[in-house]
Amino acid sequence: MAEPITLYKLMILSMLEQSEAPLTNTLLSDFFLGKEYTTYFTLQEALHELNEAQFIRQEASHSNVQYSITPAGQESLHFFNNKINSEIQAEIRQYINENRIPIAASAAAVADYYITPEKKYAVHCQFREKGIPQLDLTLNVHTREQAEAICTNWKNQTDDIYMLLIDHLLK
């Protein structure tokens, strides 16, 4: 059996490889803490070490972090995959299958904001399909509250906004 932190890293890599889209910190935490495999801090340590080793890629926004596996991570996982017992592998597969919709939704609608040189807020919104941007939009607003509201609403209404834009632009 592998050392606990090594096993957690392999489990993370396995989850990321089985997922069709990046996984959020929230989804990874839900799995590891829900199954009582480890603590939040140990999970974050494992994620940090995987990122430092360039086995995973992280994309941060103001509200969450998304992780995806790199080719080096895939190679490492395939070399050490036998260190994850079959029961844990089955739990990972089940979790990924049960959470396909939230996983896809978290990867499809991405929004974040930043402060511009003019001291306004720019909100960058993307709608992705299979990782490919279908819509890429940046809006400038005056307050942080407006930027946060747009980020939240974008994630909840992406499909409606996208279809509205397409309808109006194709008239």
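Q: Buried means under 20% relative accessible area. Which residues of helix H2 (residues 25-34) are buried?

A: The model is a predicted one. In H2, the buried residues are Asn-25, Leu-27, Leu-28, Ser-29, Phe-31 and Phe-32. Just after H2 comes Glu-36, with a positive phi of about 55°.

Q: How much of the chain counts as buried?

A: Of its 171 residues, 39% count as buried. Two single residues show how the classes are applied.

Q: Is Gln-126 buried or exposed?

A: The cut-off for buried is under 20% relative accessible area. Gln-126 has 9% relative accessibility, so Gln-126 counts as buried. This residue lies in strand S5. Leaving aside residues up to four places away in sequence, Gln-126 touches Ala-108, Ala-109, Val-110, Pro-133, Leu-135, Asp-136 and Trp-154.

Q: Why does Ala-53 count as partly exposed?

A: Ala-53 counts as partly exposed because its relative accessibility is 40%. Ala-53 sits in the loop between helix H3 (40-52) and strand S2. Its C-alpha atom is 8.7 Å from that of Gly-73, which is 20 residues away along the chain.

Q: How many helices and strands does the chain have, and in what pattern do they follow along the sequence?

A: The chain has seven helices and six strands. In sequence, the pattern is α-β-α-α-β-β-α-α-α-β-β-β-α. The C-alpha trace spans about 60 × 35 × 30 Å along its principal axes. Among contacts with a separation of 6 or more, 55% are between residues 24 or more positions apart.

Q: What is the strand order in the open sheet that contains S1?

A: To read a sheet, find which strands pair; a pair needs at least two bridges. Here three strands pair in the antiparallel sense, in the order S1-S3-S2. S1 (23-24) and S2 (56-60) are the edge strands, each pairing on one side only. Two bridges join S1 to S3 (residues 65-69), with antiparallel pairing. In one of the pairings, Thr-24 has Gln-66 of S3 as its bridge partner.

Q: Which helix lies across S1, S2 and S3?

A: That is helix H1 (residues 4-18), which runs at about 85° to S3.

Q: How many bridges join S4 to S5, and how many join S5 to S6?

A: S4 (residues 109-115) and S5 (residues 121-129) run antiparallel and are joined by seven bridges. Ala-111 is placed opposite Cys-125 of S5. Five residues separate the strands of this hairpin, and Lys-119 there has a positive phi near 65°. Between S5 and S6 there are nine bridges, again in the antiparallel sense. Tyr-121 has Val-141 of S6 as its bridge partner.

Q: At what angle do H1 and H5 pack, and why are they described as oblique?

A: H1 and H5 (residues 86-98) pack at about 40°, with axes 10 Å apart. The pair is therefore oblique. The crossing of H1 and H5 is right-handed. H1 contributes Leu-7, Met-11, Ser-14, Met-15 and Gln-18 to the contact, and H5 contributes Ile-88, Ile-92, Arg-93, Tyr-95 and Ile-96. By class, seven residues of the H1 and H5 contact are nonpolar, two polar and one charged.

Q: How far apart are the axes of H1 and H3, and which residues make the contact?

A: The axes of H1 and H3 are 9 Å apart, and the packing angle is about 70°. H1 and H3 are therefore roughly perpendicular. Their crossing is right-handed. On the H1 side the contact is made by Ile-5, Tyr-8, Lys-9, Ile-12 and Leu-13; on the H3 side, by Thr-42, Leu-43, Glu-45, Ala-46, Leu-47, Glu-49 and Leu-50. Eight residues of the H1 and H3 contact are nonpolar, one is polar and three are charged.

Notes. Residues are numbered from 1 along each chain as its sequence is written. This is a predicted model: local features need pLDDT of at least 70, side-chain atom pairs count only at pLDDT 80 or more; totals for chains, interfaces and linings use all residues. Side-chain values use heavy atoms; hydrogens and water are left out. Helices (H or I, at least four residues) and strands (E, at least two) are DSSP runs, numbered from the N terminus. Contact means heavy atoms within 4.5 Å. Axes are lines fitted to C-alpha atoms, for helices over the stretch in contact, and angles run from 0 to 180 degrees between N-to-C directions. Buried means under 20% relative accessible area, exposed over 50%, partly exposed in between (1.4 Å probe, protein chains only). Angles under 35 degrees count as roughly parallel, over 145 as roughly antiparallel, 65 to 115 as roughly perpendicular and the rest as oblique. A crossing is left-handed if the near helix is turned anticlockwise from the far one by less than a right angle, and right-handed if clockwise. Ala, Val, Leu, Ile, Met, Phe, Trp, Tyr, Cys and Pro count as nonpolar, Asp, Glu, Lys and Arg as charged, and the others, Gly among them, as polar.
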